[in-house]
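Subject: Structure for you to look at

Dear colleague,

I am handing over a structure that I would like you to open and read alongside this message. Please look at the chain first, and then go on to the notes that follow.

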Amino acid sequence: MKIIISLFFLTVVFSTTVFAHPEFQRYSKSVSGRSVNCAMCHTHSDGPEGIKPDQIGSLSQEGLNALGLARQAYKPGWGGKSPILNEFGNLILNDLGKEKILMLKQKPELLAEALSKTSDLDDDGITDAQEYKDGTHPLNSMDGNPWKLFKNNLIKNRFHILMIILATGTGLFGLYNTILWLSIKTGKE
Ligand SMILES: [Ca+2]
């Protein structure tokens, strides 16, 4: 029975491209001018179809079952986890539902608007929606628009930076006074 179920899933997998949505990847790539691959939303950078690790052909029975459930998540709030999607892909599926995702395939430029305005999965200060438009990875805090990352890191570390400036200023002031005292003392002698 397990073999029949597996064959059924594999037949579905290789006879359709319903699991991949290259429209979003192409849009992100074109609007950002950056090299964007399927790893933005999927567990494998080549996309879900195939037999490599983390692709559909290599899923266990448990993974295939989870994939079957994910395919039926037409409405938002499914609450599950698709084995072929990364955290960002699963967030999109859970927030929007498959029905809306399929609609947005026709207008991938509207995906960013449909996503959460505050979600920032890698906590780099750039929202997931903005990273989709910037063509940077929403799960990699080292990957982001350099100016935005610099600005956000500056704001995030402002207390430490202020302390370093104060410590440096105090040290220089102390050094200046020491040199001044020594020069006065030397002059007197
Ligand atoms: Ca981010």
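A nonpolar core is a set of buried Ala, Val, Leu, Ile, Met, Phe, Trp, Tyr and Cys residues joined through C-beta atoms within 7 Å. Please keep in mind throughout that this is a predicted model. With that term in hand, you can look for the largest nonpolar core of the chain, which has 23 residues, and in which Met40, Cys41, Leu67, Ile92, Leu93 and Leu111 have the most contacts. The elements that give two or more residues to this core are helix H2 (22-32), helix H3 (61-71), helix H4 (87-104) and helix H5 (111-114), and the largest share, five residues, comes from H4.

The chain has eight helices and zero strands, and 25% of its 189 residues count as buried. Among contacts with a separation of 6 or more, 40% are between residues 24 or more positions apart. The mean pLDDT is 90, and 89% of the residues reach 70 or more, but over residues 12-17 the pLDDT is below 50, and this stretch has four contacts in the model beyond near neighbours in sequence.

Let us return to H4. How far does H4 span between its end C-alpha atoms? A straight helix of 18 residues would span 26 Å at 1.5 Å a residue, whereas H4 spans only 19 Å. When you follow H4 in the model, you will also find a kink of about 100°, centred on glycine 97. The buried residues of H4 are Phe88, Gly89, Asn90, Ile92, Leu93, Leu96 and Leu104, and what covers them includes H3, H5 and helix H6 (128-134).

Is glutamine 25 buried or exposed? Glutamine 25 is buried, because 21 other C-beta atoms lie within 10 Å and a residue counts as buried at 20 or more. Not counting residues up to four places away in sequence, glutamine 25 touches Val36, Asn37, Cys38 and Met40. The C-alpha atoms of glutamine 25 and alanine 39 are separated by 9.3 Å, although these two residues are 14 residues apart along the chain.

Most residues other than glycine have a negative phi. Aspartate 54, in the loop between H2 and H3, has a positive phi of about 75° although it is not a glycine. Aspartate 123, in the loop between H5 and H6, also has a positive phi, in this case near 55°. As for their surroundings, aspartate 54 counts as partly exposed, with 18 C-beta neighbours inside 10 Å, while aspartate 123 is exposed, with 9 other C-beta atoms within 10 Å.

With best wishes

Note on methods: Residues numbered from 1 in each chain as written. Predicted model: local features only at pLDDT ≥ 70, side-chain atom pairs only at ≥ 80, totals over all residues. Buried ≥ 20, exposed ≤ 12 C-beta atoms within 10 Å, placed from the backbone. Helix = DSSP H or I, 4+ residues; strand = E, 2+ residues; numbered from the N terminus. Expected span 1.5 Å × (residues − 1). Bend = angle between axes of the 7 residues up to and from the residue. Contact = placed C-beta atoms within 7 Å. pLDDT = per-residue confidence, 0-100.
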